[in-house]
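Hi,

Here is the structure I said I would pass on. My notes follow below it.

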Amino acid sequence: MYSDRVLAPEDLVHNGLPTRPGPGSNAKRAARLADRIVEDVMDMGWPVGEVLGAELELLERYQVSRAVFREAVRLLEHQEVARTRRGPGGGLVITEPTMEAVIDAVMLYLLRVDARLDEVFEARILLEEMAAALAAQRLSDADRPRLQEFLESEHPARRADPRALHTLVASCSQNAALWLFVEVVHRVATLYSHGWKSFGKTSEIVHAHSRIAEAILDGDAPTARRRMRVHLEAEAEFLRRRRTTRQILPDHILTDSPGTGKRAETIARELARTVVVNGLQPGDLIGTEAELIEKEKASRAVLREAVRLLEYHRIAAMRRGPGGGLFVVEPDPGAVTDVVAIYLARQGMALSKLSELRSAVEMVIVALAVERSDPQGAARISEALTREKSSGEEERSETIHDLHAALAAVAGNRVLELVALVLIRLSRLHQVERLAPMALDQIRAEILRAHSGIASAVTAGDLDLARRRMGLHLDALAAVIQ
């Protein structure tokens, strides 16, 4: 059903941490139920096409109301975890998250927040340096011939696709999340300029790719890391000098993406493009329901499905009643982090690989937070600690991550922030809530002490102390969830 919830002003604009529905709201219960169903699907081995159960059966199993269940199902459909099939033998059918959905969600979010090319390359350098170093350390017997074949001068991918070496190196890192982020960020980077293909075909770049591959084949991680950084810095500088390069993503990518062809999705894209092209700000009215039905020549049902997509991706939300309509809302990464994290969960992301990537990303983030923090950033960090200290039992599983989210925001790179939030979301899928209550209370107390220490070091501008405390904290977390 279409949501009749009347939006409050804080739903349209939020400052500081992302807003959350109240602990007693249907939205909160639906989100928790969706998480439980995702966990159950993971435990089942993610059998695509299998019916999880009929509605009545699932209502009984999960002990929730029909309204909460149906809201949870909408979330699962957006996340490509499951869909409803009508008729005999129908029910909630398990589906497959796709790479296209991941890339689409990331592009849409980065477009909304005006992510700059410099942010993309700052994130690329971190991720691809790590991929090159891990590839050198972990090159398998199966991967070695692929890399050696790539070095052959007649190999078509060397000049036909400048991304080929980067994708291959990331796959050799043996870290599914790292490979995904490299692939996504690399694809996003190409959208800022038409010149990226010509860069990849120059003899200098072919030579640079060869030197990176040679270092990996030699097992020389420091050299592979250094050569990857030099190569990416050269690419960034090349693109900055090109006339066709933009620092902000062009709005046409909303229409370039293939989508599913569904009318509701097409309308959602058109409305999203309206927001971007016209520079609409949070709180601006896009149109009333009647106006949008007339403009889009759509039925009320189709328009409301399009609105649900816009609400899910935090582009706009419908407010009912006098003065109501479809209003622009503040961008929020929640939807994209769900899509990416669940895709990785489907790929069987190992906890050890999650920990190594999260540690590398957050160590960079804490350093950037020290460098870039200002009074507003300090206030955001303080707010995160306050929320963690004062949260009740129901909210604690979320607020325990707020300090990490706040640091990612203060670091001032929306791409790295998105990566960090995805890794936090994955960590929540492997949450420590399954531990005994006494052990859980002790762990939470230790986490709060660690968070307080990290926060004080960051706000004091003490880089060495902040990095040391974050390193100890991440090592402790890794030991708990493995």
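Thr-223 is buried, at a relative accessible area of 11%; buried means under 20%, with a 1.4 Å probe and protein chains only. Thr-223 sits in helix 13 (residues 221–241). Its C-alpha is 8.0 Å from that of Ile-212, 11 residues away in sequence.

Some ground rules. This is a predicted model, where local features need pLDDT of at least 70, side-chain atom pairs need 80 or more, and totals for chains, interfaces and linings use all residues. Residues are numbered from 1 along each chain as its sequence is written, and side-chain values use heavy atoms, without hydrogens and water. Helices are DSSP runs (H or I, at least four residues), numbered from the N terminus.

Next, helix 6 (residues 117–138). Its 22 residues should span 32 Å at 1.5 Å a residue, and the end C-alpha atoms are 31 Å apart, which agrees. The expected span is 1.5 Å times one less than the number of residues. Helix 6 is mostly covered, with 18 of its 22 residues buried.

Last, a helix pair. Helix 15 (residues 263–277) packs on helix 16 (residues 289–296) at about 110°, axes 12 Å apart. That makes the two roughly perpendicular (65 to 115 degrees). Axes are lines fitted to C-alpha atoms over the stretch in contact, and angles run from 0 to 180 degrees between N-to-C directions. Helix 15 contributes Arg-263, Ile-267, Glu-270, Leu-271 and Thr-274 to the contact; helix 16 contributes Leu-292, Lys-295 and Glu-296. Contact means heavy atoms within 4.5 Å.

Best wishes

Terms used:
Angles under 35 degrees count as roughly parallel, over 145 as roughly antiparallel, 65 to 115 as roughly perpendicular and the rest as oblique. Buried means under 20% relative accessible area, exposed over 50%, partly exposed in between (1.4 Å probe, protein chains only).
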